[in-house]
Amino acid sequence: MTAEPTFVVGDVHGHHAELVAALRARELVDARGDWIGGQAKLWFLGDFVDRGPDGIAVIDLVRRLQRQAPASGGGVDSLLGNHEILLLGVHRFGDTPVPSDFGPRSFARSWELNGGQLADQERLTPEHVEWLIARPVVANVAGHLLVHSDTLEYLEWGDTEDAVNAAVREVLEGADIEQWWEVWRRMTTRYAFRGPDGERMADILLGQLGGQRVVHGHSVIADQWGVPASQIKGPFLYAGNKALGVDGGVFVGGPCLVVELADSYEPCQAHIAPTAG
């Protein structure tokens, strides 16, 4: 491990044991889940909760590592994912209808349809809420632009990193259910960097918010390749090398990826396990 490597973690979705195992494999935590990563930097890209057994345990682990890492010169932080917006929206608004011309909708309804776990809501504390609302939604780290979702919708909140983060935080500190819903809606969009126009779309986002490459979770790598998630072994570099997907799809049997940021990466084909036979 170099003196100050930077790692990113894709969507965990309540899979606490898998996360600890993946962090241990990178020598970032010990068997108890305590920080041993020295001066390393570690960023989570959001979606701690829903679909898996214990999202609150994942949040508590991240918060503990955030407290521990500075003692050795390291650092841990996190972005908000769309599922954190959903978790907070249910906590704040429950089943209150969101005004719509397209039929009934509410945070509680969407939470149930998207793998919401009752235990996460029951164990959510005011401290969790305060910590989550304070997280950014975009960050420039080691020459990379970290976002949760592979979308250009972030630019609807502003054209700088600070402006985007401030705009989203203002919404989450308020009580306008339609603005909250718009945060959820924008962050559920995906696939902006796929296809023949993907590199240009990535350049638009990078040109506004900074960085040389977009790093995102949200969209499962296996879905991009049309293979079972169990075959994915590493990140997905695409869009003319301008986008890096790191969601291994742990909730559908894929790996919990902990990816070291670098100037170059092996092609994704190198990370897909061969099929038997």
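Reader: Which residue of E5 stands opposite Asn-140?
Author: Asn-140 faces Leu-145. Residues are numbered from 1 along each chain as its sequence is written. This is a predicted model, where local features need pLDDT of at least 70, side-chain atom pairs count only at pLDDT 80 or more, and totals for chains, interfaces and linings use all residues, while side-chain values use heavy atoms, with hydrogens and water left out.

Reader: What makes E4 and E5 a pair of strands?
Author: Strands are DSSP runs of E with at least two residues, helices are runs of H or I with at least four, and both are numbered from the N terminus. Two strands pair if DSSP finds at least two bridges between them. E4 (residues 138–141) and E5 (residues 144–147) share 4 bridges, so they pair, and they run antiparallel. Their hairpin has 2 residues between the strands, and Ala-142 takes a positive phi near 50° there.

Reader: Which residues of helix H6 are buried, and what do they pack against?
Author: In H6 (residues 126–133), the buried residues are His-128, Val-129, Trp-131, Leu-132 and Ile-133. They pack against H2, strand E3 (75–78), helix H3 (82–93), H5 and helix H7 (161–172). Contact here is heavy atoms within 4.5 Å.

Reader: Why is the pairing of Arg-32 with Asp-30 called a salt bridge?
Author: A salt bridge is a side-chain nitrogen of Lys or Arg within 4 Å of a carboxyl oxygen of Asp or Glu. Arg-32 and Asp-30 have their closest N and O atoms 3.7 Å apart, so the pair qualifies. Arg-32 is exposed because its relative accessibility is 66%, while Asp-30 is buried because its value is 18%. The whole structure holds 14 salt bridges.

Reader: What makes the bridge between Asp-54 and Arg-123 qualify, and which parts does the pair tie together?
Author: The N to O distance is 2.6 Å, so the pair meets the cut-off. Asp-54 sits in the loop between strand E2 (41–44) and helix H2 (55–68) and Arg-123 in helix H5 (residues 118–123), so the pair ties together parts that are 69 residues apart in sequence. Asp-54 counts as partly exposed because its relative accessible area is 23%, and Arg-123 likewise because its value is 37%.

Reader: Where do Glu-182 and Arg-185 lie, and what joins their side chains?
Author: Both are in helix H8 (residues 177–188), 3 residues apart, about one turn of the helix. An α-helix has 3.6 residues a turn, so residues three or four places apart point the same way. Glu-182 is partly exposed at 25% relative accessibility, and so is Arg-185 at 32%.

Technical notes. Buried means under 20% relative accessible area, exposed over 50%, partly exposed in between (1.4 Å probe, protein chains only).
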